[in-house]
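Please keep the sequence and the model at hand while reading.

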Amino acid sequence: MSDGAAGGRTLKVVGQRPVRPDGADKVTGRAQFGADFHLPGMLTGRIKRSPHAHAKIVKIDTRAAAALPGVKAIVTGANFVLGEGEDIDHGEGATALLDVAINCMAREKALYAGHAVAAVAATSPEIADEAVRLIEVTYEVLPHVIEVEAAMAPDAPLLHANMFTKGVTPKPDKPSNIAQKIVMGRGDVPGAMAAADVVIEGRYETAAVHQGYIEPHACVASAGADGQATVWCSSQGQFLVRTLTAKILGMPLSDLKVIPAEIGGGFGGKTTVYLEPVALALSKQCGRPVKMVMSRDEVFHASGPTSGAVMEIKLGATSEGRITACDLTLKYQAGAFAGSPVNAACMAALACYDIENIALTGYDVVSNRPKVAAYRAPGAPIAAFAVESAVDDLARKLNMDPLDIRRLNGARDGVKAVYGATFRSVAFLETLEAVKNHPHYTAPLGPNQGRGVACGFWFNIGGESTGAVHIDEDGGATVVSSNPDIGGSRAAMAMMAAETLGLPIERVRATVADTTSIGFSGSTGGSRVTFATGMAVTQAAEKVVADLKRRAAQMWECEVDKVEWRDATAFCLDPSKDVKPLTIAQIAGRAARTGGPITAEVSLNAQGAGPGFAVHICDVEVDPETGRTTVTRYTAAQDVGRAIHPSYVEGQLQGGAAQGIGWALNEEYVYGPDGVLENPSFLDYRMPVASDLPMIDTILIEAAPNPRHPFGAKGVGEAPIVPPLAAVANAVRQAIGKRIYALPLSPPRVLEAIEQG
Amino acid sequence: MSRVLVTTTVNGESVEFLGGTRQSLLDALRDELRLTGSKEGCGTGDCGACSVIVDGRLVCSCLMLAPEAEGKRIETIEGMAVDGHMHPLQRQFLEHAALQCGFCTPGLLMAAKALLDKNPNPTETEIRYGLAGNLCRCTGYDKVIRAVIDAAAELRQAPDTKKAGAAR
Amino acid sequence: MARVVSISARVKEMTGGLGAFDVEAASVRRLIAELDARYPGLGAHVEANMAIAIDGEIHQDALSAEIAPNAEIVLIPKLSGG
């Protein structure tokens, strides 16, 4: 293990596996999630949703509902008045605010079955449900379109009269469901393809899948009598919720305080708002707190899944296996509003490889489905399914080992990715090497079994973060950070501060603050918290150490550069002073007399995030009678830079792999001819359970620590979901002897492929 | 919705509450007794986040009506630690980092406890099937299984800990 | 003189089809001003919606980032995540 960014010093806390500081509350039921709050006078909010996939909202009659005793507030789209075209940058990319607002509450049209058209707040859940039933909505049903290529057809029903495809010249004069066409690339693809010794082609399809967080969206909104308000919610970013909610309701940001509850999973799906503006609008109307919690049915109907897609790929290579050209077209579903992750997918799709001639075409296509939301490495797993399946086919055609062909073409330091980065301090080749040397790779396989490998890439980001470190009078420390903890990041924050301060981990507690108690931060997502917020926390801890040394120098009356800080103690290096070392407790106990409280807060915009490269091996066994595929063994390797808390880094790899396996084998949105989702429940939207999976072995590669992070950390959360779709598909390919080009590889589909021979 | 007086035992204590005739036991635990450790993930018995133990049997509290709790002995996550001392399962979950967001954790712990109460020496496969009614989206189950294996071993060696963890 | 390249079709829309050009700028702030001067609106678009790779290293929302002479600049859509 390289010391890299740790500067050669021995680490005492970072790299260990302490119990997380927030753990006891989570295993005893004390931790408070969004739906766990009770406030005096609290009302229940409920939403009325469109049963139609596409319809004009002609009239909404709320009189009967308003007359029901116990109903205290009702809102519809008419209550949300927002100017056109306002874009906001909320730290995770620009979003059309108007789209978010209309997604929260429909205006002239219902754009998908499940689209919110009205909301009520009442004194009990039963009364709220009854009030929703009493709201009469008159619809004019319109033709709908669901699938991406159908939505792209020239005669498709149009969702937005003012949507003209961006990125096309000359500018189109007819509206379309294609929100944007993206074209990027380099070199001479047609020439290189013509000169290639071997060309692999394929058309791949994936279905929409949901992030599948077990906790439905939940919030409590409480409006005060002077226009100020408080919202408690489960989200991936309290500042993001504040920005979106306040702007949708036309409030100054400082009038809205957002308190992050514990969050029961997000995976990107909670980096937006659905309920908060509605709950706050209801609360403002009646002056009482309003709790809103989605049912699981609502989560499926009305919160963003990720895109389904149609992809076409062509790979050209030499007979030695060197990939010289790639032509990739990605058509991604955006749901009812523009904004699929097709752009990021184009940029990430080929980043694992050093390919000279690349042509990427992406289409962002709307249709009558819920607006897609981010899902862990948004866009990348889908594209990787096509790319990694094609690379697998290429290896097979050339009779090359699938890891060897990836190593031959693999990204390494100095390689220029098509999206603009030149890789530095990446350990993709080392990761491939580690996988090749792992016993899993050469373990024998039995009948009906197959093995697949695949790799994946994700950018990881830095961004705005704030961290604060306070020293208590008894010499302990509290770390306050700005980011909701979805995977154990509080532990990592505490560990990095403890390491810097020289304190044992038990003396450093970590907390996540609300929007009034800490400086601004971007959301928890983008694999950025350990990197960017960790950087802020570490810098704050370093400032505190500098302050502690200054006070020791003051107390000893010596120069500050003669003070050494080690193991939470100040040592005097001035030989002329006959003084004893001062512990942090001794210095902190006298803080008032030496300048005041010992505390520091650092806000920054972290640059230099290290990308994530992942390589997975998957073994499957396919039952030839039922088409059922069982994953019998799985190994996930990743370039992690440095694992601050290895258990939680392993957890990210295992969790991402499990989601990818579900995506590959069983999960999909099934629509009926009426454009209504047919499987909005966990019974029929089949996610992996414990009996579906084996142990998931992990390999953490720390060969190239990130020199931009104080401890060498790279983001790890998203890359693990990128390889599994193709890893599973490549394993099934080997097990049954033919390739299936569509996901999920559910039993009927696999059986059909087997029976076709 | 009409309400009836329900008298029942929760985590060893006798309690009374007004339960709605159409209210689930889960909602009654959360809203009447303010025991919010049991969670609603789906409301249809598919995710196990609401798991409690009723008369020694693992139950999805979202599938049980509040008045059905009358006279029963109910164990929830809040009763798993006794006098502030965590049950070996809780400790092993923390040691193994068997939770990330923690939302499914109370349900998983209840299911694991119900399993070990009946089968103190389960194989890995038996644990996986014993927990198959509990969805977790964060962990991929690996560390959860390892935590249960170690907790089972710990309980087999020191039966007194098991008694301390059981409802009184 | 920094060489500016973009893979974004939106940028090409604003530059009349040009995907590569030279700009004199010692910082990202100056670069944006130069882009706006040459192609009105492009600088603002880049500042709001794009990340900038300077000699292969990604900078996002970093106006004071320095640009060495003869640096290679790539304008890329902003990166996010989930």
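**A guided reading of the model**

All 11 of the 11 residues of helix 7 (residues 238-248) of chain A are buried, so this helix is largely enclosed by the rest of the structure. A residue counts as buried if 20 or more other C-beta atoms lie within 10 Å of its own, as exposed if 12 or fewer do, and as partly exposed in between, with C-beta atoms placed from the backbone. Helices (H or I, at least four residues) and strands (E, at least two) are DSSP runs, numbered from the N terminus. Helix 7 of chain A is followed by A:G250, which has a positive phi, near 70°.

The model is predicted: local features need pLDDT of at least 70, and side-chain atom pairs count only at pLDDT 80 or more, while totals for chains, interfaces and linings use all residues. Residues are numbered from 1 along each chain as its sequence is written, and chains are lettered from A and ligands numbered from 1 in the order in which they are written.

Chain A as a whole comes next. Its secondary structure comes to 20 helices and 28 strands. Of the 757 residues in chain A, buried residues make up 61%. A compact globule of 757 residues would have a radius of gyration near 27 Å, and chain A has 27 Å, which agrees; the radius is taken over C-alpha atoms, and the globule rule is 2.2 Å times the number of residues to the power 0.38. Along the principal axes, the C-alpha atoms of chain A fill a box of roughly 85 × 75 × 50 Å. Two residues are in contact if their C-beta atoms, placed from the backbone, lie within 7 Å. Among contacts in chain A between residues at least 6 apart in sequence, 80% join residues at least 24 apart.

Chain A is divided into domain 1 (4-31 + 462-606) and domain 2 (379-460 + 610-756), with bounds that come from an automatic or database domain assignment. The centres of these two domains of chain A, taken over C-alpha atoms, are separated by 37 Å. In the contact between them, 20 residues of domain 1 of chain A meet 24 residues of domain 2 of chain A. On the domain 1 side, helix 15 (489-501) and helix 16 (529-556) of chain A are the elements that give two or more residues. Helix 16 of chain A gives the most, with five residues. By class, this side of domain 1 has nine nonpolar, nine polar and two charged residues.

Chain B contains six helices and five strands, in the order β-β-α-β-β-β-α-α-α-α-α along the sequence. Of its 168 residues, 57% count as buried. Helix 3 (residues 105-118) of chain B has 14 residues and reaches 20 Å from its first C-alpha to its last, close to the 20 Å expected at 1.5 Å times one less than its number of residues. Because 12 of those 14 residues are buried, helix 3 of chain B is largely enclosed by the rest of the structure. What covers its buried residues includes helix 1 of chain A, together with elements of chain B such as helix 2 (88-95) and helix 5 (142-157).

Chain C also meets chain A, in a contact that takes 23 residues from chain C and 38 residues from chain A. The side of chain C that touches chain A divides into 10 nonpolar, seven polar and six charged residues. No contact joins chain B and chain C, whose closest C-alpha atoms lie 14 Å apart.

Notes:
Ala, Val, Leu, Ile, Met, Phe, Trp, Tyr, Cys and Pro count as nonpolar, Asp, Glu, Lys and Arg as charged, and the others, Gly among them, as polar.
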